[in-house]
Amino acid sequence: MRSVPFLPAERDLLLHLLELRTEGLLEVGLDGPRPQLAEAQRAYAEAAADLGFAVLHHGSPDPSVLDRADVPRTVREAMADTPDFLESQPSMVLRLGPELPREHTVMFNAHLDTVSGWEPPRYVDGRFHGRGAIDDKGPAVALLAALRVAVDRLPGLGRTTGVLIQLVAGEEGGAMGTFGTRPLIEQGFYGRLNLFCEPTGSRLLPRSTAAMTARVTVDGLDSIDDRPGGGHNASVLLGYLAQHLAERLSGRYDGTRVCVAGLRTGPLHNRVYGTGELLLNLAYEHAEVGQRLEKATAAELGSGLADFTRRFSSVTDFELTAAEAAGVTRLEWLKRGLPALVQRPDSWAESLLGEVVGLPFVPEEEPSFTCDAIWLDGLPDAYTAVYGPGDLDRNNAHAQDEFADASELEVFAASVVTLLTHFTRATNGPI
């Protein structure tokens with residue numbers, strides 16, 4: 001089977017999901033419109049019900065799930081400031097048939113929240129356009145098309161082989177799955193095989209980076225342009241530190257990536273800004289390496305401040321900034337301590353997926369990316385990979401004119417049918 005053509009109802013479902021505004025609150029702002037996530041999940045569940053799926057869980061977790069050090073500060077602050085933060089961003093779990101042993105269960109994860117920047121959805125010349133078309137509503141509907149065929153062809157599906165579908169919130173906006181995927185995994189909603197339907201070019205990616213976010217702030221005195229030396233020049237100081245940290249941290253450890261992100265002081269030309277902030281996003285493939293990178297960031301910040309003081313201590317208009325740089329500069333961590341999904345040997349799963357099903361793996365030298373799959377790292381007897389159609393860059397994910405070709409969704413659906421066929425055979429004997 002080379003593809004599973006979408007039925008008109010599946011095409012309409014995807015367009016309906018694209019029409020619904022499911023941007024998370026961390027994307028649109030806490031005072032922004034409430035996401036239509038529950039409506040999107042219910043629409044999906046109604047379509048899945050025709051295949052025999054039942055809603056096992058639909059709702060938001062207890063607020064206590066956010067009372068952890070590894071929860072990003074932005075999430076904790078949003079929860080404290082917004083009474084309906086969790087309630088307006090629920091997650092759903094669907095199950096086919098009764099509960100079965102984990103070794104006989106496959107779990108698929110798809111997130112229905114999107115980044116901001118909604119565009120009117122449309123289907124033109126075999127291509128779906130709209131926010132979430134490839135990340136992640138298109139793959140979610142393609143999964144449903146695959147299950148339509150698989151249920152018809154595999155009598156054991158839902159009886160001897162279990163299927164779970166997670167439809168989660170909180171994947172985008174920097175929430176890192178802390179109130180979506182993670183609570184579901186901790187409740188035991190996963191299987192022997194766990195596939196996260198993110199764009200990987202229809203290749204298996206059994207690893208996922210995690211990320212830390214550092215904020216360097218300067219809290220000093222302002223001054224006017226006629227007396228530029230009368231205050232602390234946060235623009236010059238943070239600009240210097242941005243270059244210093246970029247040079248010293250980039251490539252510091254294998255498998256890490258350093259994104260020197262926003263730098264903000266002020267907009268006017270005739271003022272010295274004494275306050276500002278610099279953001280860095282630091283990705284890593286192993287939690288231990290992340291800890292080393294965290295320590296290196298603090299050390300290099302200290303080194304950069306010392307270098308700045310040495311270089312600018314005798315430069316007119318910057319003497320005060322140089323003398324007091326260390327005293328007005330502070331390092332804060334908005335996000336840290338998250339796990340990374342590490343590729344671990346699993347000969348049974350690797351043989352099944354690679355040799356039997358025939359799915360290609362992303363080469364080890366190719367970088368991975370961050371997604372909710374991190375929360376399955378280290379779970380015993382559970383193989384996890386990111387696997388989905390399309391490409392984050394090529395399909396303009398998170399950008400204007402995000403799209404998904406029907407053909408790539410339909411080829412992905414066919415591969416899921418093949419996967420389920422061989423998983424059922426491998427765990428329950430001949431079909």
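Tutor: The discussion below turns to packed helices, then to strands and sheets, and lastly to a single residue. Please keep in mind that this model is predicted.

Student: How does one describe two packed helices?

Tutor: Two packed helices are described by the angle between their axes and the distance between the axes. Here, the axes of helix α5 (residues 137-153) and helix α11 cross at roughly 45 degrees and come within 8 Å. The angle makes α5 oblique to α11. The crossing of these two helices is right-handed.

Student: Which residues of α5 and α11 make the contact?

Tutor: From α5 come Gly138, Pro139, Ala142, Leu143, Ala145, Ala146, Leu147, Val149 and Ala150, and from α11 come Leu409, Phe412, Ala413, Val416, Val417 and Leu420. Sorted by class, the contact of α5 with α11 has 14 nonpolar residues, one polar residue and no charged ones.

Student: At what angle do the axes of α10 and α11 cross?

Tutor: Helix α10 (residues 347-356) and helix α11 (residues 406-428) have axes that cross at roughly 135 degrees and come within 10 Å. With that angle, α10 is oblique to α11. This crossing, of α10 and α11, is right-handed. On the α10 side the contact involves Trp348, Leu352, Leu353 and Val356, while α11 contributes Leu419, His422, Phe423, Ala426 and Thr427. Seven of the residues in the contact of α10 with α11 are nonpolar, two are polar and none is charged.

Student: In which sense do β7 and β14 pair?

Tutor: Strand β7 (residues 193-196) pairs with β14 in the parallel sense, over four bridges. Within this pair, Phe196 stands opposite Val386 in β14.

Student: In what order do the four strands of the open sheet stand?

Tutor: The order is β10-β12-β8-β13, with antiparallel pairing. β10 (257-264) and β13 (329-335) stand at the edges with a single partner strand each, so one side of each is left without a neighbour in the sheet. From one strand to the next, the twist averages 20 degrees. Strand β8 (residues 210-219) is joined to β13 by six bridges, and Val218 stands opposite Thr329 in β13. Helix α7 (residues 234-249) packs on this sheet, where α7 touches β8, β10, β12 (275-284) and β13. The direction of α7 makes about 15 degrees with that of β12.

Student: Finally, how does His16 count in terms of accessibility?

Tutor: His16, which lies in helix α1 (residues 8-19), counts as partly exposed because its relative accessibility is 34%. Leaving aside residues up to four places away in sequence, His16 touches Glu39 and Ala43. The C-alpha atoms of His16 and Ala43 are separated by 8.5 Å, although the two residues are 27 residues apart along the chain.

Key
Residues numbered from 1 in each chain as written. Predicted model: local features only at pLDDT ≥ 70, side-chain atom pairs only at ≥ 80, totals over all residues. Heavy atoms only, no water. Axes fitted to C-alpha atoms, helices over the stretch in contact; angles between N-to-C directions. Parallel < 35°, antiparallel > 145°, perpendicular 65-115°, else oblique. Left-handed = near helix turned anticlockwise from the far one by under 90°. Contact = heavy atoms within 4.5 Å. Nonpolar A, V, L, I, M, F, W, Y, C, P; charged D, E, K, R; others polar. Pairing = 2+ DSSP bridges. Buried < 20%, exposed > 50% of the residue type's maximum accessible area, 1.4 Å probe, protein only.
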